[in-house]
Amino acid sequence: MNVFINDIPLIIKRTSEKVFKHHYDLILDESSSFTSKDLVGDVLIRNVGDATIDRMVRLMEVKKLKKLNSLTLITDKKNRLIRHLKDQFKIVKAAGGLVVKEGKILMIHRLGMWDLPKGKLKKTEDEREGAIREVEEECNIRVETTDKLPKTWHSYAYKGNKILKKTSWYVMNCLDDSMMKPQAEEFIEEVRFMTPEEVESVLPEAYASIAFIIHYYLRAAKSGMV
């Protein structure tokens, strides 16, 4: 489960999963005493239960943890902890696509950020069909799906509610971009195919969840997995 709270990756792992300690700047136990100021770089907390994940979500939502790059929680009750996390939010389902054409990736610019085309699913709508619809509506192109990408979850507040948006992602081939244009109604200002190098250069102006999906795709493409 790839969760992003206030654009910070929250990773939940089982105790049995392999962890490389040298990947982390700070390693704590649930019983450790720490404050938000201690959370710098990539942080790992072991033996996590409900109380700790509640505290960490509150800190990530309320505090501006600008020095925290990622938070990894280790637990022997991963599924239970994920259910507990989801129970704190209203779940909204969305879908989107990473569209490729001749080795280039389709990026959109919306509200000052570089993004991938995506949007909320209609009730009872199939994820794959919804992803195609959203991409075609937002970019005025025709696409087909090829491979699945990992799902992402990101949180935000809306009208006093805590929302956790689950986005299903797909790799897509562009079939026709002769009429390509941004959907102004969705505040999209630009639609552009970029080389992988160009995409990398704009990722500092993209959400962490978008950077995660793009990096996953580029690694998979390099190894021939997509």
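Guide: Here is the interface, followed by some contacts elsewhere in the chain.

This is a predicted model, in which local features need pLDDT of at least 70, side-chain atom pairs count only at pLDDT 80 or more, and totals for chains, interfaces and linings use all residues. Residues are numbered from 1 along each chain as its sequence is written, and side-chain values use heavy atoms, with hydrogens and water left out.

The protein is divided into domain 1 (2–88) and domain 2 (92–223). These bounds come from an automatic or database domain assignment. Taken over C-alpha atoms, the two centres are 27 Å apart.

Now the interface. Domain 1 brings 10 residues into contact with 12 residues of domain 2; contact means heavy atoms within 4.5 Å. About 990 Å² is buried between domain 1 and domain 2, and carbon and sulfur atoms give 54% of that area. Buried area is the accessible area (1.4 Å probe) that two parts lose on being put together, summed over both. In domain 1, Asn2, Phe4 and Asp7 lose the most area to domain 2. Together they make up 56% of what that side buries.

Polar links cross here too. The rule finds six residue pairs in polar contact across the interface of domain 1 and domain 2, both residues at pLDDT 80 or more. A polar contact is a pair of N or O atoms within 3.5 Å; within protein, one must be able to donate a hydrogen and the other to accept it, and residues adjacent in sequence count only if both atoms are side-chain atoms. On the side of domain 1 that touches domain 2, β1 (2–5) and α1 (50–62) are the elements that give two or more residues. The largest share, four residues, comes from β1. Helices (H or I, at least four residues) and strands (E, at least two) are DSSP runs, numbered from the N terminus.

The rule also finds one salt bridge across this interface. A salt bridge is a side-chain nitrogen of Lys or Arg within 4 Å of a carboxyl oxygen of Asp or Glu. Lysine 162 forms a salt bridge with glutamate 61, with the closest N and O atoms 3.4 Å apart. The charged end of lysine 162 also sits over the ring of phenylalanine 89, 4.7 Å from its centre. That term requires NZ of Lys or CZ of Arg within 6 Å of the ring centre and within 35 degrees of the ring normal.

Elsewhere, the structure holds 13 salt bridges in total. One of them joins lysine 78 to glutamate 17, at 3.5 Å between the closest N and O atoms. Lysine 78 is in helix α2 (residues 78–86), and glutamate 17 is in the loop between β2 (8–14) and β3 (26–29), 61 residues apart.
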